[in-house]
Amino acid sequence: MERLDKFLCDSGVGTRSQVKVILKSGVVTVDGVCVKDGSMKFDPAKAVVCLRGQVLGGKKRTVLMLHKPAGYVTATEDKNDPTVMELIPQEYRHLDLKPVGRLDKATEGLLLFTNDGDLLHRLITPKKEVPKVYYARHEGTATEEDVIAFREGLVLRDGLHCLPAILQPLGAGESLITVCEGKYHQVRRMMASRNMTVEYLQRRQEGELTLGDLPIGQVRLLTDEQIQALDDI
Ligand code: URA
């Protein structure tokens with residue numbers, strides 16, 4: 001059971017004091033009945049709450065996909081650079097979304113956000129090994145030896161051992177890389193260890209989720225089925 005005033009705040013209707021005024025004006029209904037008392041308790045999973053006839057969602061469990069552009073840091077705050085939080089449209093700001101893992105400032109592509117702490121933790125824990133697919137433009141051309149070295153598990157220049165990964169050469173200076181871990185500058189360092197400095201990097205896929213035709217800088221909500229699939233990972 002949840003208090004009506006809290007539910008209205010969580011739905012982005014306004015602050016506690018604004019919600020009080022709104023309630024008094026008689027524009028909020030619960031299951032079709034006008035309610036003015038913010039302390040009223042109800043079950044958000046069963047009741048339908050409307051503001052001027054519009055159904056409200058509360059702070060429901062949400063997963064959002066962003067097509068991150070270069071130039072934004074994956075952080076909730078930063079002194080020097082714009083953050084990915086600035087790309088979240090106003091209508092989702094009240095949901096307390098946090099980025100799932102990180103992409104470098106220069107990297108583009110698929111970045112998830114959620115307000116479900118358990119899901120966030122499960123998706124970034126090294127134990128789960130969710131495969132992530134990156135497209136890279138790079139110096140040189142990937143060879144069969146590079147493919148084998150990725151498959152066997154690279155040892156980086158600083159001695160770090162990587163899990164086996166998949167390198168798919170796409171032609172001169174272009175490859176797809178699939179990794180199941182997310183250490184600092186993982187793909188750039190893996191490619192550099194094979195003398196293929198990365199010039200452009202884009203994450204295209206995480207588990208079963210793909211960027212699809214989501215335009216750069218835009219977000220889309222995951223469907224309940226897609227969220228369910230993440231729960232099953
Ligand atoms: N690997 C990188 O090097 N950078 C990223 O942003 C993601 C993976």
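The ligand is surrounded by nine residues: Leu-103, Asp-104, Thr-107, Tyr-134, His-185, Gln-186, Val-187, Arg-188 and Leu-201, where being near means having a heavy atom within 4 Å of the molecule. This is a predicted model, in which local features need pLDDT of at least 70 and side-chain atom pairs count only at pLDDT 80 or more, while totals for chains, interfaces and linings use all residues. Residues are numbered from 1 along each chain as its sequence is written, and side-chain values use heavy atoms, with hydrogens and water left out.

By class, the shell holds four nonpolar, three polar and two charged residues. Here Ala, Val, Leu, Ile, Met, Phe, Trp, Tyr, Cys and Pro count as nonpolar, Asp, Glu, Lys and Arg as charged, and the others, Gly among them, as polar.

Next come the polar contacts, pairs of N or O atoms within 3.5 Å. The side chain of Thr-107 has an N or O atom 2.9 Å from an oxygen atom of the ligand. The backbone also takes part: a polar backbone atom of His-185 is 3.3 Å from a ligand oxygen, and a backbone N or O atom of Arg-188 lies 3.0 Å from a ligand oxygen.

The bounds come from an automatic or database domain assignment. That assignment also gives domain 1 (2-55), and the centres of domain 1 and domain 2, taken over C-alpha atoms, are 29 Å apart.

Key. Polar contact = N/O pair within 3.5 Å; in protein donor to acceptor, adjacent residues only side chain to side chain.
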